[in-house]
Each structure stands twice: as structure tokens, then as C-alpha cells.
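Here is a brisk report on one chain.

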Amino acid sequence: MIFVCYPKCSTCQKAKKWLDEHNVEYTERNIAENKPEYDELKEWYEKSGLPLKKFYNTSGLLYKEMKLKDKLPSMSEEEQLRLLATNGMLVKRPILVSEGDVLVGFKEAEWAEILL
């Protein structure tokens with residue numbers, strides 16, 4: 001299981017604490033140092049069943065600076081995935097990737113249902 005996070009993010013810190021408290025084994029990956037590549041994002045997106053917009057860090061500075069709220073609706077799925085792959089700070093976090101599931105963002109009840 002891969003735990004994709006940004007160590008300075010408070011939500012990622014909460015998620016990591018939760019994983020540790022529940023003895024869930026994972027490999028930590030710093031999204032700023034090791035950003036997800038296009039192929040990974042495409043696989044995670046398809047596996048998750050979530051809308052692609054859920055993979056964007058919509059509250060992030062970069063998202064707002066780039067005015068993506070207005071641009072994303074007119075972009076193709078591939079263009080959106082390629083854009084996401086350019087900078088880890090555009091990607092919503094944490095992301096938990098296991099054999100069967102991809103969880104985006106930390107919702108304790110959802111994580112408990114799937115992981116415990």
C-alpha cells in the first residue's frame with residue numbers, strides 16, 4: 001500500500017497518525033519530491049471510480065493561481081491528467097493506493113470501512 005502525502009499538510013498528518021494507530025502497513029511517498037506520473041494518475045483515476053476533479057487540490061494556491069476552476073471543464077480527460085502530472089502540488093492528498101482501492105483525501109469513516 002502506498003500512502004502519497006505532503007508531510008506539511010495537516011490532513012496528511014492526521015491520515016498518517018490514523019494509519020499508524022490502526023497498524024496499517026504502508027510505504028510513504030512525498031508528493032513534492034516524487035510526484036505522480038501520468039500513467040500512475042491515469043491508473044489511480046480509473047481504479048478509484050471518482051470524477052477526475054476529485055484528484056485536484058482545489059484549495060491549493062497553484063490551483064487558484066492557474067485559474068483551473070474555469071479551465072478544467074473545457075479540457076479533455078487526457079489534458080487534465082497530463083496537467084496533474086506536471087506538479088505534485090496540484091494533486092489532492094493524501095492518496096492511499098492499495099491492490100483494490102484508491103482513496104483520495106482523508107475521510108476517517110471511509111478509510112475505516114475499507115481498511116479495517
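At 44% relative accessibility, Arg82 counts as partly exposed. The model behind this value is predicted. Glu78 is also partly exposed, at 42%. Arg82 and Glu78 form a salt bridge, with their closest N and O atoms 3.0 Å apart. Both residues sit in helix H5 (residues 77-84), four residues apart, which means about one helical turn between them.

**Salt bridges**

The count of salt bridges comes to six.

| Pair | N to O distance |
|---|---|
| Arg29 and Glu40 | 2.7 Å |
| Arg82 and Glu78 | 3.0 Å |
| Glu37 and Lys35 | 3.7 Å |

Arg29 pairs with Glu40 at 2.7 Å. The pair links distant parts of the chain, eleven residues apart: Arg29 belongs to strand S2 (residues 27-30), and Glu40 to helix H2 (residues 38-48). Arg29 is buried, with a relative accessible area of 10%.

The side chains of Glu37 and Lys35 meet at 3.7 Å. Glu37 is partly exposed, at 44% relative accessibility. Lys35 is partly exposed too, at 28%.

**Positive patch**

Which residues gather in a patch of positive charge on the surface? They are Lys53, Lys54, Lys69, Lys92 and Lys107. Lys107 is placed in the loop between strand S4 (102-104) and helix H6 (108-115).

**Nonpolar core**

The largest nonpolar core has 22 residues. Trp44, Phe55, Leu84 and Ile95 touch the most other members. H2, H5, strand S3 (95-97) and S4 each give two or more residues to this core. Which element gives the most to this core? H2 does, with four residues.

**Chain contacts and separations**

Asn30 belongs to strand S2. Is Asn30 buried or exposed? Asn30 has a relative accessible area of 18%, so it counts as buried, the limit being under 20%. Val4 is 26 residues from Asn30 along the chain, and their C-alpha atoms are separated by 6.1 Å.

Pro51 lies in the loop between H2 and helix H3 (61-65). With a relative accessible area of 48%, Pro51 is partly exposed. Pro51 and Asp20 are 31 residues apart along the chain, and 29 Å separates their C-alpha atoms.

**Backbone details**

Most residues other than glycine have a negative phi, and most peptide bonds are trans.

The peptide bond from Arg93 to Pro94 is cis, and its omega is near 0 degrees. Pro94 is in the loop between H5 and S3.

Asn23 is not a glycine, yet its phi is positive, at about 50 degrees. The loop between helix H1 (10-21) and S2 holds Asn23. Asn23 has a relative accessible area of 68%, so it counts as exposed, the limit being over 50%.

Lys67, also a residue other than glycine, has a positive phi near 55 degrees. Its place is the loop between H3 and helix H4 (68-71). Lys67 is exposed, at 54% relative accessibility.

Notes. Residues are numbered from 1 along each chain as its sequence is written. This is a predicted model: local features need pLDDT of at least 70, side-chain atom pairs count only at pLDDT 80 or more; totals for chains, interfaces and linings use all residues. Side-chain values use heavy atoms; hydrogens and water are left out. A salt bridge is a side-chain nitrogen of Lys or Arg within 4 Å of a carboxyl oxygen of Asp or Glu. Buried means under 20% relative accessible area, exposed over 50%, partly exposed in between (1.4 Å probe, protein chains only). Patches are made of residues with over 30% relative accessible area and no salt bridge: like charges are joined within 9 Å, nonpolar side chains (Val, Leu, Ile, Met, Phe, Trp, Tyr) within 5 Å. Accessible areas come from the Shrake-Rupley method with a 1.4 Å probe; for residues, only the protein chains shown count as cover. Lys and Arg count as positive and Asp and Glu as negative; His and the chain ends are not counted. The place of a charge is taken as NZ of Lys, CZ of Arg, CG of Asp or CD of Glu. A nonpolar core is a set of buried Ala, Val, Leu, Ile, Met, Phe, Trp, Tyr and Cys residues joined through side-chain atoms within 4.5 Å.
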